[in-house]
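Hello,

Here is the structure I promised to pass on to you. Have a look at it first, and then read my notes below.

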Amino acid sequence: MHRQKNFKQRVIKNVQSLFSLNDKEAEDLANKAGLTLEQKESFQTCLIILKNKYEKKSRLFYQNANISERMFQYIKNGKNPTKETTLAIAVSMNLTPEDTQRLLRSAGYVLSKSIPSDAVILWLLSNEEHNQNASKLFQINEVLYALDMPLLMTREKNERHFRSDKSQN
C-alpha cells in the first residue's frame with residue numbers, strides 16, 4: 001500500500017512538472033486520488049496531539065480501533081499506517097471531521113469524493129444519526145462490508161480477505 005501511495009505521489013509530481021501545474025493544482029489532483037502532497041506534521045506528532053486533545057489512552061485506542069498491537073508498535077516506530085487503519089483510529093477516537101482530515105493528511109491521505117469508499121465514509125461521518133448501541137466504527141464497517149469495499153479495521157479486513165481467498169480455491 002505504501003509503495004502504491006508513493007508511486008501515485010511521484011506520478012502526480014511528474015504530471016505537475018510535465019503540465020506546469022502550480023502547487024495548488026497538483027494538490028487538487030492528489031486529493032482526487034485520495035492523497036496529499038502537503039504534510040505539515042508527521043503522523044506520530046499529529047496522533048499524539050490528538051490523543052492528548054481527546055484524552056485517549058494508548059491501549060484503549062488501539063483496542064477500540066480494532067488494530068493489532070503489532071500495528072500499534074509499527075506506528076510508534078515512526079511508520080505511517082494505511083488509509084483504512086488511519087480512518088479506523090480517527091473514527092474510534094470520535095475525531096471531528098476537521099481533525100480526521102488533519103490525521104489523514106499527516107499520513108499522506110485525504111478523503112476524496114472521487115473514490116467510492118471515501119464518499120461512503122464521508123457521508124457516514126457527516127450523518128449524525130447512528131445507533132448509539134453500536135460503535136460508529138462497527139456501523140461504518142457494516143455498510144462498507146455490504147458494499148464490498150475495504151473495511152476500516154486491520155484484523156477484520158485480514159480475516160475477511162483470508163475467508164474470501166479460501167472460498168475461491
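A word on terms before anything else: helices (H or I, at least four residues) and strands (E, at least two) are DSSP runs, numbered from the N terminus. You are looking at a predicted model, in which local features need pLDDT of at least 70 and side-chain atom pairs count only at pLDDT 80 or more, while totals for chains, interfaces and linings use all residues. Residues are numbered from 1 along each chain as its sequence is written, and side-chain values use heavy atoms, with hydrogens and water left out.

Let me start with the confidence. pLDDT is the predictor's confidence in each residue, from 0 to 100. Its mean over the chain is 80, and 80% of the residues reach 70 or more. Helix H7 has the highest confidence, at a mean of 92, and helix H10 (residues 154–168) the lowest, at 45. Over residues 156–169 the pLDDT is below 50, and this stretch has nine contacts in the model beyond near neighbours in sequence. A contact here means heavy atoms within 4.5 Å.

Now the fold. The chain has 10 helices and zero strands. Of its 169 residues, 41% are buried, where buried means under 20% relative accessible area, exposed over 50%, and partly exposed in between (1.4 Å probe, protein chains only). Among the contacts with a separation of 6 or more, 61% join residues 24 or more positions apart.

What holds the middle of my notes is the core. A nonpolar core is a set of buried Ala, Val, Leu, Ile, Met, Phe, Trp, Tyr and Cys residues joined through side-chain atoms within 4.5 Å. The largest one has 32 residues, and Ile-89, Leu-103, Ile-121, Ile-140, Leu-144 and Leu-152 have the most contacts inside it. Helices H3, H5, H6, H7, H8 and H9 each supply at least two of its residues, with the largest share, five residues, coming from H6.

For the arcs below, the directions run from the helix axis to the C-beta atoms.

- H3: Phe-43, Gln-44, Cys-46, Leu-47, Leu-50 and Lys-51 are buried. They lie on the same side of H3, because their arc around the axis is only 160°. Asn-52 and Lys-53 are exposed on the other side, and just after the helix Glu-55 has a positive phi of about 50°.
- H5: the buried residues are Met-71, Phe-72 and Ile-75. They fall within an arc of 105° seen down the axis, so they line one face of H5. The face turned away carries the exposed Arg-70 and Lys-76.
- H7: Asp-99, Thr-100, Leu-103, Leu-104 and Ser-106 are buried. Their arc of only 165° puts them on the same side of H7, and their cover includes H3, H6 and H8. Gly-108, which follows H7, has a positive phi near 95°.

Happy exploring!
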